Amino acid sequence: LHVHETTPPAIPANLPRPAILVFSKTNAFRHEESIPPGNSYFAQLAKEKGWGYFQTENGAAFSPEILSKFAAVVFNNVSGDVFSPSQQAAFKAFLENGGGYVGVHAAGDNSHQAWGWYINDLIGATFTQHTMDPQFQTATVNVEDKAHPVTQGLPASWQRVEEWYSFDKSPRTTGAHVLITVDEKTYTPVGMFSKDLRMGDHPMVWSRCVGKGRFVYSAFGHRAESWAEPENRTLMANSVGWALKLNGSECGAAPSTTAQAQAQAQAGGKTK
């Protein structure tokens, strides 16, 4: 499909800040089992944190005016050609000028290949296939960077069930900061027509700085059950917090004063 909306949705005037825009449009394969619980998870997370939240499948929300109301965007299993050229340009400018991005599962698949900047510069690798022998398998994932804000509170390794994605190369080769990898020895990395899906270096979660903006992508999230996994919920909460610049000092930006005040309060200190 090549459907590009031209009339934007109405955004609440009193949207709390910081706010996240959760986008789940699909012009290709739709992960119907995962999108609704994912949207519900992000809505609940925003409520718990006091963040603003708006969810849409309307690509016309991606205009400079509307994006200025949000500090981060989440692509929840977005697939296909979802934006017009002007909407693509608005999203690119939003990120390069300091916005945050969190991509989930299909947001990194090959249905986005026509958008060269997104695949080559943002994702940094092209999806090839996922496991098919069988499709869903238990495997061990390992945290590579235990100090990064996105991986805080996660075990050093754990097992989970997934449709395991493979890519044409490690995004590490295009400058990504790899946060979590999957151990290929713990599952059968075979795809359609017995294709060998081994990568050697096999990242599952990675981040990068894009201009002044922060990007993090997770290949987890095909199954509805993903949103009930404590580790994945922690990973997603950390990822959105980092994208909002509420923690960490990467990408040329210190944590916001709000985040600093929260950290001091949790430590029993006093804020000025």
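This is a predicted model: local features need pLDDT of at least 70, side-chain atom pairs count only at pLDDT 80 or more; totals for chains, interfaces and linings use all residues.
Student: What makes H5 largely enclosed by the rest of the structure?

Tutor: Buried means under 20% relative accessible area. Ten of the 14 residues of H5 are buried, so the helix is largely enclosed. Among the buried residues are Leu235, Met236, Val240 and Trp242.

Student: Why is lysine 245 called buried?

Tutor: The cut-off for buried is under 20%. Lysine 245 has a relative accessible area of 16%, so the residue is buried.

Student: Where is asparagine 77, and is this residue buried or exposed?

Tutor: Asparagine 77 is found in the loop between strand S3 and helix H3. With a relative accessible area of 0%, asparagine 77 is buried. Asparagine 77 also has a positive phi, near 55 degrees.

Student: Why are cysteine 209 and cysteine 251 called a disulfide?

Tutor: The rule asks for a pair of cysteine sulfur atoms within 2.5 Å. The sulfur atoms of cysteine 209 and cysteine 251 are 2.2 Å apart, and they form a disulfide. The pair links distant parts of the chain: cysteine 209 is in strand S10, while cysteine 251 is in the loop between helix H5 and helix H6, 42 residues apart. A search of the whole structure finds one disulfide.

Student: What is the handedness of the link between cysteine 209 and cysteine 251?

Tutor: The link is left-handed, with -85 degrees about the S-S bond.

Student: How do you know which of these cysteines is buried and which is partly exposed?

Tutor: Partly exposed covers the range between the buried cut-off, under 20%, and the exposed one, over 50%. Cysteine 209 has a relative accessible area of 43%, so this residue is partly exposed. Cysteine 251 has 14%, so this residue is buried.

Student: Why do glutamate 144 and arginine 172 form a salt bridge by the rule?

Tutor: A salt bridge needs a side-chain nitrogen of Lys or Arg within 4 Å of a carboxyl oxygen of Asp or Glu. The closest N and O atoms of glutamate 144 and arginine 172 are 2.5 Å apart, and the two form a salt bridge. Glutamate 144 lies in the loop between S6 and strand S7, and arginine 172 in the loop between S8 and S9, so the pair ties together parts that are 28 residues apart in sequence. Glutamate 144 is partly exposed at 39%, and arginine 172 is partly exposed at 33%.

Student: What makes arginine 160 and glutamate 162 buried?

Tutor: Compare each value with the cut-off of under 20%. Arginine 160 has a relative accessible area of 3%, so arginine 160 is buried. Glutamate 162 has 0%, so glutamate 162 is buried as well. Arginine 160 forms a salt bridge with glutamate 162, with their closest N and O atoms 2.8 Å apart.

Student: Why is arginine 198 called exposed, while aspartate 196 is called partly exposed?

Tutor: Exposed means over 50%. Arginine 198 has 58% relative accessibility, so arginine 198 counts as exposed. Aspartate 196 has 41%, so aspartate 196 is partly exposed. Aspartate 196 and arginine 198 form a salt bridge, the closest N and O atoms being 2.5 Å apart.

Student: How many salt bridges does the count come to?

Tutor: The count comes to twelve salt bridges. Arg30, Glu32 and Glu57 are linked in a network of them.

Student: How do you know that serine 166 is buried, and what does its side chain reach?

Tutor: Serine 166 is at 2% relative accessibility, so this residue counts as buried. Its place is in strand S8. The side chain of serine 166 reaches the backbone oxygen of leucine 197 at 2.8 Å.

Key: Residues are numbered from 1 along each chain as its sequence is written. Side-chain values use heavy atoms; hydrogens and water are left out. Helices (H or I, at least four residues) and strands (E, at least two) are DSSP runs, numbered from the N terminus. Buried means under 20% relative accessible area, exposed over 50%, partly exposed in between (1.4 Å probe, protein chains only). A polar contact is a pair of N or O atoms within 3.5 Å; within protein, one must be able to donate a hydrogen and the other to accept it, and residues adjacent in sequence count only if both atoms are side-chain atoms.
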